[in-house]
Amino acid sequence: FPGQIPWLPGEIVKLLYLNDAFARHLRRCDAAFAEVVDWSVVQAAQGNVEQSMLERGDVASSILFSVMV
């Protein structure tokens, strides 16, 4: 999914603050992923991680999955 992530952090931050249902859903995905990864989907989706981390396939696909489901 390289190239798909740059626009996401801004949009995700907006949705986290403006849409309670989206925020709850993303946090549920974050909790589920926390059982198998050592990083936060929410933090990564908000862009609060190193840029190189967002370029990793496992991170990018997990963010996209969490946003789309």
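This briefing covers the packing of helix 2 against helix 5 and the confidence of the model. The structure is a predicted model. Its chain has a mean pLDDT of 85. The axes of helix 2 and helix 5 come within 9 Å. One aromatic pair turns up in a search of the whole structure.

**Confidence**
- In the chain, 87% of residues reach a pLDDT of 70 or more.
- Helix 2 has the highest mean pLDDT among the elements of the chain, at 95.
- Helix 1 (residues 8–18) has the lowest, at 81.
- Where pLDDT is low, predicted coordinates should not be read in detail.

**Helix geometry**
- Two packed helices are described by the angle and the distance between their axes.
- Helix 2 spans residues 20–34, and helix 5 spans residues 57–68.
- Their axes cross at roughly 140 degrees.
- Helix 2 and helix 5 are therefore oblique to each other.
- The crossing of helix 2 and helix 5 is right-handed.

**Contact residues**
- Helix 2 contributes Phe-22, His-25, Leu-26, Cys-29 and Phe-33.
- Helix 5 meets them with Ser-62, Phe-65, Ser-66 and Val-67.
- By class, this contact has 6 nonpolar and 3 polar residues, with no charged ones.

**Aromatic pair**
- The search of the whole structure finds 1 aromatic pair.
- Phe-33 and Phe-65 form an edge-to-face pair.
- Their rings are 6.2 Å apart centre to centre, with 80 degrees between the planes.
- Phe-33 lies in helix 2 and Phe-65 in helix 5, so the pair ties together parts that are 32 residues apart in sequence.

How values were computed
Residues numbered from 1 in each chain as written. Predicted model: local features only at pLDDT ≥ 70, side-chain atom pairs only at ≥ 80, totals over all residues. Heavy atoms only, no water. Axes fitted to C-alpha atoms, helices over the stretch in contact; angles between N-to-C directions. Helix = DSSP H or I, 4+ residues; strand = E, 2+ residues; numbered from the N terminus. Parallel < 35°, antiparallel > 145°, perpendicular 65-115°, else oblique. Left-handed = near helix turned anticlockwise from the far one by under 90°. Contact = heavy atoms within 4.5 Å. Nonpolar A, V, L, I, M, F, W, Y, C, P; charged D, E, K, R; others polar. pLDDT = per-residue confidence, 0-100. Phe/Tyr/Trp six-rings, centres within 6.5 Å; stacked < 30°, edge-to-face > 60°.
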